[in-house]
Amino acid sequence: MQISTGGKQRDPEAELHDWVGEHYSNPLGYVRGAFPWGEPDTALWAYKEPRKWQIEFLEWLGDEIRGRKFDGITPVDPIRGAVSSGHGVGKGALSGMVVNFIMSTRRNAKGTVTANTATQLEDKTWAAIRWWSNLSITSHWFEHNNEILFRKGQRESWRVTPQTC
């Protein structure tokens, strides 16, 4: 779909691709812009942005991404991070945000999401990933079910799947 503004044609999908590309190494910027924070009649209407600790994690993740200076060809060390906390603080939400960021900003991304138990994976982590995927401005790029989240038309090459430990 193209939109005409003052005689110029706009391509919202191309603009979205450009915006996503600009956030390749900025997960916090992506999360702030990709989800409907504070918008009326949305699931996030009561929130202006992620929680403070989630912001700190996303900033740390961005620093780690930029520090590796990945050129798209030469492999870099993986980023390893962990969050330890009680129930209900937003770890699943953060997982959903990060998975959406990775899947949206990295062509042909492949990944596996794990949890200690099948119940944890199905009811918490994978459910959160699907929920955040549905909220994202890139939701129309993906399909998902209980067994996979993938880029439409690229199921085998661009996907993430849940797997119990």
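This section describes helix packing, the sheet and selected salt bridges in a predicted model.

Two packed helices are described by the angle between their axes and the distance between the axes. In the predicted model, helix 2 (residues 27-34) and helix 3 (residues 52-68) have axes that come within 7 Å of each other and cross at roughly 130°. The two helices are therefore oblique to each other, since an angle counts as roughly perpendicular from 65 to 115 degrees and as roughly antiparallel over 145. Helix 2 contributes Pro27, Leu28, Val31 and Arg32 to the contact, while helix 3 contributes Ile55, Leu58, Glu59, Leu61, Gly62 and Ile65. Classified by residue type, this contact of helix 2 with helix 3 comprises seven nonpolar residues, one polar residue and two charged residues.

Because Arg32 lies in helix 2 and Glu49 in the loop between helix 2 and helix 3, the pair ties together parts that are 17 residues apart in sequence. Both side chains fall in the intermediate accessibility class: Arg32 is partly exposed at 39% relative accessibility, and Glu49 is partly exposed at 33%.

Glu56 and Lys52 are four residues apart in helix 3, so about one helical turn separates them. Glu56 is partly exposed, with a relative accessible area of 40%, whereas Lys52 is exposed, with a value of 63%. In general, side chains of opposite charge can pair when their charged atoms come close.

Four strands form an open sheet with mixed pairing, in the order 3-6-5-4. Strand 3 (110-115) and strand 4 (142-144) are the edge strands, each pairing on one side only. From one strand to the next, the twist averages 20°. Strand 5 (residues 149-151) and strand 6 (residues 159-164) run antiparallel and are joined by two bridges. Phe150 has Arg159 of strand 6 as its bridge partner.

Arg159 is also involved in a side-chain interaction, forming a salt bridge with Glu156 at an N to O distance of 3.8 Å. Glu156 is exposed at 57% relative accessibility, while Arg159 is partly exposed at 23%; the latter assignment follows because buried means under 20% relative accessible area.

Helix 5 (residues 118-135) lies across strand 3, strand 4, strand 5 and strand 6. Relative to strand 3, helix 5 runs at about 135°. The loop between strand 3 and helix 5 contains Thr117, which is partly exposed with a relative accessible area of 40%. The C-alpha atoms of Thr117 and His144 are separated by 21 Å, the two residues being 27 residues apart along the chain.

Definitions and conventions: Residues are numbered from 1 along each chain as its sequence is written. This is a predicted model: local features need pLDDT of at least 70, side-chain atom pairs count only at pLDDT 80 or more; totals for chains, interfaces and linings use all residues. Side-chain values use heavy atoms; hydrogens and water are left out. Axes are lines fitted to C-alpha atoms, for helices over the stretch in contact, and angles run from 0 to 180 degrees between N-to-C directions. Angles under 35 degrees count as roughly parallel, over 145 as roughly antiparallel, 65 to 115 as roughly perpendicular and the rest as oblique. Contact means heavy atoms within 4.5 Å. Ala, Val, Leu, Ile, Met, Phe, Trp, Tyr, Cys and Pro count as nonpolar, Asp, Glu, Lys and Arg as charged, and the others, Gly among them, as polar. Two strands pair if DSSP finds at least two bridges between them. Buried means under 20% relative accessible area, exposed over 50%, partly exposed in between (1.4 Å probe, protein chains only). A salt bridge is a side-chain nitrogen of Lys or Arg within 4 Å of a carboxyl oxygen of Asp or Glu.
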